[in-house]
Amino acid sequence: MTLKDRIAQAREQMAQAALKAGRNPRDILLCAACKAQNSETVRQAAEYDIDLFGENRMQEMAVHLADKAYQSKPMHFIGHLQTNKVRQVVGQAALIQSVGSLRLLNAIDKAAAQKEITQDVLIEVNIGQEAGKAGVTVGELPFLLEKASELPNIRLRGLMAIPPPGPEKETRQYFARMFALQEQVKGKAGANSRIDTLSLGMSDSFVWAILEGATLVRVGRQIFGERV
Ligand SMILES: *Cc1c(COP(=O)(O)O)cnc(C)c1O
């Protein structure tokens, strides 16, 4: 299959899942997770039916930006972000999906203030309560939400999670828990937030994520092939 066909196939599966869940397929964004892809491949993917790109690695993001590979598509940062690298991402990424600490949140706010912009962010939740995994625990979430609402150059858009790999039933339970958390966040969101993005699901799980209410899925291997 060509890249174009694989993207069309992912879209079709997304639409099927949306319809099965009684949702409008247009309400779910396809994020092409382009780690380890070169600028030529990214540029090609930008011609097809994806909504945006997701970058994990700073260095690759810098190359893709320099090569203008995203064309007119937005880019989200979805990987681990070091505090001292924040300035390179703020203002470039339409959304930083992977904010899992107060330290990082503060650094993003500061960099956004310097650039005189508002940076959209998601808070990453370690929903599987895995040791050593990125993201805040469910218990820490209210604290970070409160802090986010106090920072003038941050706009909170919702939550993101990467649950531990597992069978459908277990994975969907994690996604359902994230959906419930997102609803709670909506209920008490501050004035400087717009809670409309729930980022869940990758190649092996995006259909389940849509069934459980995801508004954005991050698909890598199914679109670009196995990473070598
Ligand atoms: C790589 C990656 C994805 C995509 O994973 P695939 O299994 O390749 O679809 C999604 N989200 C994040 C944060 C990733 O790092």
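Tutor: Asp 120 forms a salt bridge with Arg 157. The closest N and O atoms are 2.5 Å apart. Keep in mind that the model is predicted.

The pair also belongs to a network of salt bridges. Its members are Asp 120, Arg 155, Arg 157, Arg 194 and Asp 196. A search of the whole structure finds 15 salt bridges.

Take another pair, Glu 212 and Arg 172. They form a salt bridge, and their closest N and O atoms lie 2.7 Å apart. Here too the pair links distant parts of the chain, with the residues 40 apart. Glu 212 is in the loop between helix H8 (206–211) and strand E8 (216–219). Arg 172 is in helix H7 (residues 168–187). Arg 172 counts as partly exposed because its relative accessibility is 23%, and burial would require under 20%.

Glu 40 forms a salt bridge with Arg 43, with 2.9 Å between the closest N and O atoms. Both residues lie in helix H2 (residues 39–46). They are 3 residues apart, about one turn of the helix. An α-helix has 3.6 residues a turn, so residues three or four places apart point the same way. Glu 40 is partly exposed, at 47% relative accessible area. Arg 43 is partly exposed as well, at 27%.

H2 also takes part in the packing of helix H3 (residues 58–66). The buried residues of H3 pack against H2, strand E2 (52–55), strand E3 (75–77) and helix H4 (86–89). Which residues of H3 are buried? They are Met 58, Glu 60, Met 61 and His 64. Seen down the axis of H3, these buried residues fall within an arc of 160 degrees, so they line one face of the helix. On the other side of H3, Gln 59 and Ala 66 are exposed. Lys 68 follows H3, and its phi is positive, near 50 degrees.

Next, the pockets. The largest pocket has a volume of about 460 Å³. It is lined by 26 residues. Ile 78, Gly 79, His 80, Glu 124 and Ile 162 lie nearest its centre. Helix H5 (102–114) and E8 each supply at least two residues of this lining. By class, the lining has 8 nonpolar, 11 polar and 7 charged residues.

The second largest pocket has a volume of about 230 Å³. The residues lining this pocket number 16. Pro 163, Pro 165, Met 202, Asp 204 and Ser 205 are the closest to its centre. What classes make up the lining of the second largest pocket? The residues divide into 8 nonpolar, 4 polar and 4 charged.

Definitions and conventions: Residues numbered from 1 in each chain as written. Predicted model: local features only at pLDDT ≥ 70, side-chain atom pairs only at ≥ 80, totals over all residues. Heavy atoms only, no water. Salt bridge = Lys/Arg side-chain N within 4 Å of Asp/Glu carboxyl O. Helix = DSSP H or I, 4+ residues; strand = E, 2+ residues; numbered from the N terminus. Buried < 20%, exposed > 50% of the residue type's maximum accessible area, 1.4 Å probe, protein only. 1 Å grid on protein atoms, 1.4 Å probe; cavity = no way out; pocket = protein on both sides within 12 Å on 5 of 7 lines; lining within 4 Å. Points joined across faces, edges and corners; volume = space filled by probe spheres on them. Nonpolar A, V, L, I, M, F, W, Y, C, P; charged D, E, K, R; others polar. Arc of directions from axis to C-beta. Contact = heavy atoms within 4.5 Å.
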